[in-house]
Number of protein chains: 2
Amino acid sequence: MNYGRAAVMNDVARLAGVSHQTVSRVLNNRPEVSESTRERVLDAMRQLNYRPNAMARGLANRRSRLIGVVTLETILYGPAATLLGIERAAGVEGYGVSISTLERIDHDGVLSALESLTDQSVAGVVVIAPHGAVARALHRLPSSVAAVAVEAEIGGAVPTIFVDQVAGARKAVEHLIQLGHRKVWHVSGPPDWLETRGRIEGWRTALADAGLHAPAVIAGDWSARSGYAAGLQLAAQGNTTAVFAGNDQMALGMIRAFHERGIRVPDDVSIVGFDDIPEAMYLCPPLTTIRQDFDEVGRRCIAALVRLIETDPRDRLSPSEPVPSVTPTLIVRESTAEPCAAGHSAHNSPRTQ
Amino acid sequence: MNYGRAAVMNDVARLAGVSHQTVSRVLNNRPEVSESTRERVLDAMRQLNYRPNAMARGLANRRSRLIGVVTLETILYGPAATLLGIERAAGVEGYGVSISTLERIDHDGVLSALESLTDQSVAGVVVIAPHGAVARALHRLPSSVAAVAVEAEIGGAVPTIFVDQVAGARKAVEHLIQLGHRKVWHVSGPPDWLETRGRIEGWRTALADAGLHAPAVIAGDWSARSGYAAGLQLAAQGNTTAVFAGNDQMALGMIRAFHERGIRVPDDVSIVGFDDIPEAMYLCPPLTTIRQDFDEVGRRCIAALVRLIETDPRDRLSPSEPVPSVTPTLIVRESTAEPCAAGHSAHNSPRTQ
DNA sequence: GTTTGCGATGTGAGCGCTAACATAGCGCCA
DNA sequence: TGGCGCTATGTTAGCGCTCACATCGCAAAC
């Protein structure tokens, strides 16, 4: 047996007594191989512990089994969960996943991330970066590279898999309205995130549909810190009874801020989050929130991307059919309640715990 | 200009009026090219927007610029943060990162993850899976594949980058002892995680050094849910004054449980977490915890791995010199305090809020 | 009995690059 | 002035695979 050197296709061919091409055919599950030959080749592969060389295959047929994922460098729950979903789904389809995190969220940052991926000869790219600048950068992408985007509703530049943020936000706000709240604040994510826009829109329309006035958006940045700051601000201005937070981390920070100001959740203020992070139900109080199915998003991404990869690049010019959006669900826990008769007034019993 | 087809080395060579080999030399920064020729070639590359083909390069010199990372499929903060650190560091060194999540944490699971990576022709592998079974699987790895592990102290099978869990746990427990606590419980991670073992050891020795008795370990699974369960258990048995939680999520769940039982943190019970997740300082109360520098871990991983990749496989047989461990730091916030005179007794004023 | 057709296999070229060697051109010394 | 050694460049042969095509049987068809 040959020591050191790993077995290559020719070794298998020799052992099986066929040509290398027949081995290749077996490897690729071509139909034109007789059953007996196929068995013999498969046997030889096993005996030699043959592993096809991905680079040689890729070089020969100009297509790798690698999918690139562009994601954000923050450890945000949403992107991380989506990445996980993608990786799982890709594995099922026989694709590997190579990642490239965005160090700057702007046009050049996206381009360089995309480049670092295409330089690795990926077969296609998933962009998990629901950001305006990213969406714009995607328009510059040559149509020869197969790409799908997550959450970036970018008029047809590339197929997009998205969670219906508007519907999710509506559910959150309608829940608060049903409880009897007449004024619902919104602490949003960064304004240039597409999810932020969708959630704001859902919040506005839900309010409008109920004939209610939407106060000014308070902009956060997804972090607990920014939620805390927003909470402090709302506490200071008094008589807040309901807040829809752009995500669970901000909701968490906000709860902290209210707590410090002696405002009880949900007795004085109701809070709804977004995402349903695993910790949400163990916060004080357990958080009412909107759950997104990131696994489903990952699956759809890969399905769409694989379809794209396997169609001829020339046919990709045709407008990509819209993929139906994933609908989030409302999870009611204990951070929301009917407003108390009076609402709270600012600073009614500050304690710093 | 040639439409459709991307420029290859020969196109550049022709345009620059040199041979393809000279282009290759320029590409690889070989010294034996005259300054003027180099300029000419570089120019041609720019003009044609030449991008070297990674698969061809890899095939020709039997080495890709891809690093594989085996990680856990849970969205745990630690592994996710480490992955991020690795990806950043790898980018700096000119390597791409391909990931493979472990769907089962056992021998076969690790092997299949490793295989899916080597099938992608990665140049080396980082294993972020601080788990006994993983450590054992790594022993079976042929020495021809360059590998480093994170957090798995596995007697020399592969070089290991690790955070000093024992020291971190000691800091946590010593902090509690200094505050005056005489009995410190520990809610650990899953028993087969190496980090769990380290933290238990640190907790035990810190207690022993202070002449204190270590109660039985309460085993959790890193989740907030398990911390909650542990908290309920501790609340039921009464007179707990201090708990060292294996991570922040469990600390969070525990705080919730205590809260439900009317036990105040830190007034009645002090809690220390581990990791310092970004939300830790906005919990109620802000969590005293142990911070790990995952970025540093990532950097050291890549440094060690690249060294390994770039040394001849035959020289890899020599025992890998131990890499110094990363030391975690104590972050004191508000979840710890001196024990109150009496300690708390069980169920002293349950409220469910 | 020759032809046609088709399923099973083999052959050669080439994917885009690098390693190893070959060669050309130059200045330098004896 | 020939020969040496040096540097800058070109040439050739792969890396391990797949593609396109050629070939070989063997059965059905005339």
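1. Start with a helix pair in chain B: B:His107, B:Val110 and B:Leu111 of helix 6 of chain B touch B:Ala133, B:Val134, B:Arg136 and B:Ala137 of helix 7 of chain B. Contact here means that the C-beta atoms of two residues, placed from the backbone, lie within 7 Å. By class, this contact has five nonpolar residues, one polar and one charged. Nonpolar covers Ala, Val, Leu, Ile, Met, Phe, Trp, Tyr, Cys and Pro, charged covers Asp, Glu, Lys and Arg, and polar takes the others, Gly among them.

2. A word on the model before going on. It is a predicted one, where local features need pLDDT of at least 70 and side-chain atom pairs count only at pLDDT 80 or more, while totals for chains, interfaces and linings use all residues. Residues are numbered from 1 along each chain as its sequence is written, and chains are lettered from A and ligands numbered from 1 in the order in which they are written. Helices (H or I, at least four residues) and strands (E, at least two) are DSSP runs, numbered from the N terminus.

3. Back to that helix pair. Helix 6 (residues 107-118) and helix 7 (residues 132-139) of chain B have axes 8 Å apart and pack at an angle of about 55 degrees. The axes are lines fitted to C-alpha atoms over the stretch in contact, with angles from 0 to 180 degrees between N-to-C directions. Helix 6 and helix 7 of chain B are therefore oblique to each other; under 35 degrees would count as roughly parallel, over 145 as roughly antiparallel and 65 to 115 as roughly perpendicular, with the rest oblique.

4. Now for where the chains meet. Chain A and chain B put 41 residues each into the contact. On the chain B side, helix 4, helix 5 (77-92), strand 2 (96-102), helix 10 (224-237) and helix 11 (248-260) each supply at least two residues. Helix 11 of chain B gives the most, with six residues. The side of chain B that touches chain A has 21 nonpolar, 14 polar and six charged residues.

5. The two chains also pair through strands. Strand 2 (residues 96-102) of chain A and strand 2 of chain B run antiparallel and are joined by three bridges; strands pair if DSSP finds at least two bridges between them. A:Ser98 has B:Ser98 as its bridge partner.

6. Next, the DNA. Around DNA strand D there are 24 residues, and the closest are A:Met9, A:Ser24, A:Ala60, B:Ser19 and B:Gln21. Near means a C-beta atom, placed from the backbone, within 6 Å of the strand. Helix 4 of chain A gives the most to this surface, with five residues.

7. DNA strand C also has 24 residues around it, with A:Ser19, B:Met9, B:Ser24, B:Ala56 and B:Ala60 coming nearest. Here the largest share, five residues, comes from helix 4 of chain B. The surface near DNA strand C divides into eleven nonpolar, eleven polar and two charged residues.

8. Finally, some backbone details to look at. Most residues other than glycine have a negative phi, and most peptide bonds are trans. The bond from A:Cys284 to A:Pro285 is cis, with omega near 0 degrees, and the one from B:Cys284 to B:Pro285 is cis, with omega near -5 degrees. A:Pro285 sits in the loop between strand 9 (270-272) and strand 10 (289-291) of chain A. A:Asn239 is not a glycine, yet has a positive phi of about 35 degrees.
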